[in-house]
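I opened this model to look up a few things, and I keep my notes here in the order in which I worked.

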Amino acid sequence: MQYQLKINGESRTVDAEPGTPLLWVLRDELQLTGTKFGCGVAYCGACTVHVDGYPTRSCQTFVEDAVETEITTIEGATDKVAEAVQAAWREKDVVQCGWCQSGQIMSAIGLLTENPSPTDADIKEYMYGNACRCVTYVRINEAIKLASQKLEA
Amino acid sequence: MTINVSRRGFLKATAAGTTALLVGVNAKGVLAAGSTASAATDLNPFVKIDADGTVTVIIKHFEMGQGTTTGLTTLVAEELDADWDAVAIDFAPANTERYKNLFFGAQGTGGSTSIANSFMQYREAGAAARDLLVRAAAQKWGVDASSISVENGMLTSGGNSAHFGEFVAIAATLEAIEKPTVKTPDQFKLIGSEKLHRKDNTGKTNGTAMFAMDVNLPGMIYAAIMRSPKFGGTVVSFDDSGAKDVGGFIAAQVLPNKAGVVAFGKNTWAAFQARDALSVEWDFSAAETRSTDAMIADHKAMLDAPQFDVNHEVPLASVAPILADAATTIDAEFDFPFLAHAPLEPENCTIEPTEKGVRVYDGCQFPTFTQPMVAAILELDPSQVEVKTLYAGGSFGRRANATSDYNTEAAMAFAVSGRKVPVKLVWSREDDIKGGYYRPMAAHRAKIGLDADGKIIGWDHRVAVKSIVKGTPMAGMVQNDVDPTSAEGVSESLYNVPNFGIGLSDFQTPVPINWWRSVGHSHTGFVMETLMDMVATQTGQDPIEMRLSMLDGGTANQARMIEAIKLVRDISGWKKGDKRGFASHLSFNTCVAVVADITVEETSVHVNKLFMSVECGVAINPDVIRAQMEGGAGFALSTILRNQITLTDGEVDQYNFPDYELLRNEEMPEIEVAIVPSNNAPTGVGEPGVPPTGPAVANAIFAQTGKRIMDLPMTKAGFDFV
C-alpha cells in the first residue's frame, strides 16, 4: 500500500504493509534513523516522535493511522524549544550511549511546550516513560531545568 | 589483583585463538610516521590531520557510552596542543597489531581498561605528531624548531603563524621520533579540565550519530532469527507456511549450525513478523530443561563440596579447625539470578558483500574475535573481513563474548542468503531478554569465625557459579582450574583477613553466560560488603571505622581505598550509629565507596541520596568519571531491586521491559560524586561504580529494618522501591 505522510514539514510517499509501525517506516523506508527501536511495546520511549505536536510512541502507531497527521522526528526538531533542549543537553553532557536520547529529547520538548516551567515532580512524572539503560536521569532532569531557564530568558 | 591475571590471560588467549592475525607484525612500531603509506595525512595510527587543520583521533576502543572517545581524544589533543573544537573522531578498523588493547594483546574493549591501557600510548601519539608538525614548520619557515610554539592548533614563530593543516604534507615525509617527550602533570590544560564537553554530544542529540542499527545499504534485506526456546536446543524441521502470509517476507532458512531458523524480509518489521509466524520443531535432548528453583538448589549443593581451592596458600580444609575454635561464627548464604545486559540498542549486525570479501557493520566490542569468527563461517581469510565499528547503543559487556554470537549469526544468515546483497540481522527486545549471554547465576556461603574479642580468626568462603571463560577461546585466563572472574572480589579482597580460605565450584548449564558490567564483582562485591556489615553489627563496630582498621596493611591499593572511604565519610557527614548504609569495593583497579541514604516504610524503600567517592588515578575527564559513577549506581539499583532472568522447564519467563524493568527517572536518587585527587596512573571507571552500590543500599535497609538481603533481587524478600 502507498501512504502519504507529512514528516518534518515534507510530504513523503511510502510503500508499506498496513499495520506496519510508523517506527519502521521512518527507519527502514525513509532512513530517518534518529528515531530508535528499544522495545517495540511502548515501554521504553526510544521511538518517541511528535504526532500533531504530542510525544507519541512510533512503535505503537500504525502507518495508516499516521496519514493526515503532522509528524516530527528528531531530525525535524528545530523550533525554539527544541533548540533550547538540545543546547541544554550538550551543556550538561547528558548523553552516554545515546540510544534513548532522541526519545528523551522529543519527550522533553513535549513537556516544555506544554509546561515551560516544570517542577522537579512535573519532570519526573512526564519523563517516566522514557527509560535510559545508562541511567542519565540526573542530567536529563538538570538539562530540562536549564532549557526551561533558557526559554524564559 | 584481577587486572594482572586478566592481562596475562588475555595474552595467552589471544596467542591461542588468533595467531594468524599476529603474523606479519610491522616492526616499525605504532608511532612510525607514514606507516600507513597511502594516506599522507596519517601522522601515525592514531592521529590524522586534514589540510584544513582538522585533527581526527583514531579511536581503537568502541564507544558504548562510557566516554572513551572523549577520553582518548583528550589525551591526544593535550599533547598535540590542538584546538579541542577542531578535533574529530573516527573508529579504528580491525587491526590487532596496530590497535590492540595493550592490557589484552587483542583489539577489544572491556574490564574498564580503555583509558588505563591507552594513557601513555595516546599521549605519545599526540606528542609525536606535534613534534612532526613543529619540525615541518621549521623546515617550511626556515626557522629553528625551538623558536616555534604550539597552541590551540596553531604554530607560531616570530611573525609566522599557521594552523596544523599547513604542515601535514611535509610532516608526513619526516621520520617520527621513537620516544616523544610528554607533558608533566603541571603542564596539563585539557587533562583534568572541567570545561571539555563530550565529543559525541552533538550527534547524539540531533539524531545524526550513526549506530550499527542505523545502517541502510542499497538492496539490503533484513533478518530475524527464531532461536530455540530452551538453551541448547537444535532445529529438527520448520514450516514457513505462516510466514508466507506476511507481506514483505522473502524466505526462511535453517542456520548452518541448526541453532535457529532465519527469516528474511524487506524490512525489519517484515522479518520480525515472518519469524514470529514460523513453526519450528526442536530437538531438546542437549538443552537446559531445569527451572530456576532447581538450579538454585543445584548451586547450593555444590557449595557443600567445592571443586577447587581459589587461594592455594590457604586451602579450605585448613580453615575448618580454626573455625572450630571460634568464640562465635557468622554464617550467611547468598544467591544471585541470571541477569540480562539489556543494552537499549538491541543486538544487530549488518554484513555487506565487497570486492575482496565482506564488510561487517557493528558496534564492535572485540574486533580481534569478530573478524576471524566471521571469516571462518564465510570461509574467507580474516583480511577479507573489514570491520566497520559504529556507535553502540549500550553494551555493559553484552557485545563482547568469545563466540561473537550475533556477529556469527549475521554471517550465517548472510551465507544462507546467497551472499549477493547486504543482510542486516536485528534482534528484537524479546530476543535480547530471552537470548542468553547472561550474568551467571551464583551462590555464596560464608562462615566467619570471631574470637572472644570480636576479631576475625578465619573465614570459609564458597562460591558456585558457571565459569565465563572455560570452554571458550579465553580459557587461557584459567589458572589452577580457577576462572579468575568467578571469585574476584573475594579472592582479591583488600581486607586483612587471616586464614581466608575460598572454595569454588563450576556450575554447568547450556545457558550461555557472559561478562556483565563489573563481571564477578557484580555478586562478590555484594557478598563481601554485606558480610563486612554483618561483622560490624556482630562486634558493635562502626562499619567505616572497622573497614579502615582492616585496611592497614600498607599496600598501595589499601592506601587508595582508605582515601576513598575517608572522602565519602566526609562528604556524607557520616556519624557513628548512622542509619545509612555503607559499602566500598575495589574492582578493575579502582576504589569506590558509597553511602546510601534511604527511607523505608514497611517494605517500601526510597533511596534519597547516594554519596560516592572514587579513586581512579589521575582524572582525565572528571565529568565523564562522575557520569560513570551516576550510571553505574543507577544500573546497580534496578538490578538489586527487581531484575532477574528466571527459567521454567528451561524456558525464560521474562520477555521484555515490562517484566525486566529498567530503573525509571523518578526512581533515580540524588547523587553526589567526589573524586579523590590523585597523580596515580588512571584506572577504569565504567564498571567500578556498580559493585558497592547494591550492598550500600542493602546495608541501609538492615540499619533501618534489621532485615538482611541475601537472595537477589530484593523483591524476593518482599521489598519494593518507591
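**Before starting.** I note that this is a predicted model, in which local features need pLDDT of at least 70 and side-chain atom pairs count only at pLDDT 80 or more, while totals for chains, interfaces and linings use all residues. Residues are numbered from 1 along each chain as its sequence is written, and chains are lettered from A and ligands numbered from 1 in the order in which they are written.

**Core.** I looked up the largest nonpolar core and found 264 residues in it; such a core is a set of buried Ala, Val, Leu, Ile, Met, Phe, Trp, Tyr and Cys residues joined through C-beta atoms within 7 Å. Val85(A) and Val594(B) are among the residues with the most contacts inside this core. Helix α5 of chain B, residues 114-141, gives the most to the core, with 14 residues; helices are DSSP runs of H or I with at least four residues, numbered from the N terminus.

I then followed Val594(B), which, leaving aside neighbours within four places in sequence, is in contact with residues including Val568(B), Leu610(B), Met612(B) and Pro692(B); contact requires C-beta atoms, placed from the backbone, within 7 Å of each other.

**Chain contact.** How many residues does each chain bring to the contact? I read 48 residues from chain B and 45 residues from chain A. On the side of chain B that touches chain A, α18(B) has the largest share, six residues.

**Two helices.** In chain A, the axes of α3 (residues 80-91) and α4 (residues 101-114) come within 9 Å and cross at roughly 125°; axes are lines fitted to C-alpha atoms, for helices over the stretch in contact, with angles from 0 to 180 degrees between N-to-C directions. I therefore call α3(A) and α4(A) oblique to each other, since angles under 35 degrees count as roughly parallel, over 145 as roughly antiparallel, 65 to 115 as roughly perpendicular and the rest as oblique. Val85(A) and Trp89(A) of α3(A) are among the residues making this contact, as are Ile105(A) and Leu112(A) of α4(A).

Leu494(B) is 57 residues away from Leu551(B) in sequence but 6.6 Å away in space, C-alpha to C-alpha.

Technical notes:
Buried ≥ 20, exposed ≤ 12 C-beta atoms within 10 Å, placed from the backbone. Contact = placed C-beta atoms within 7 Å.
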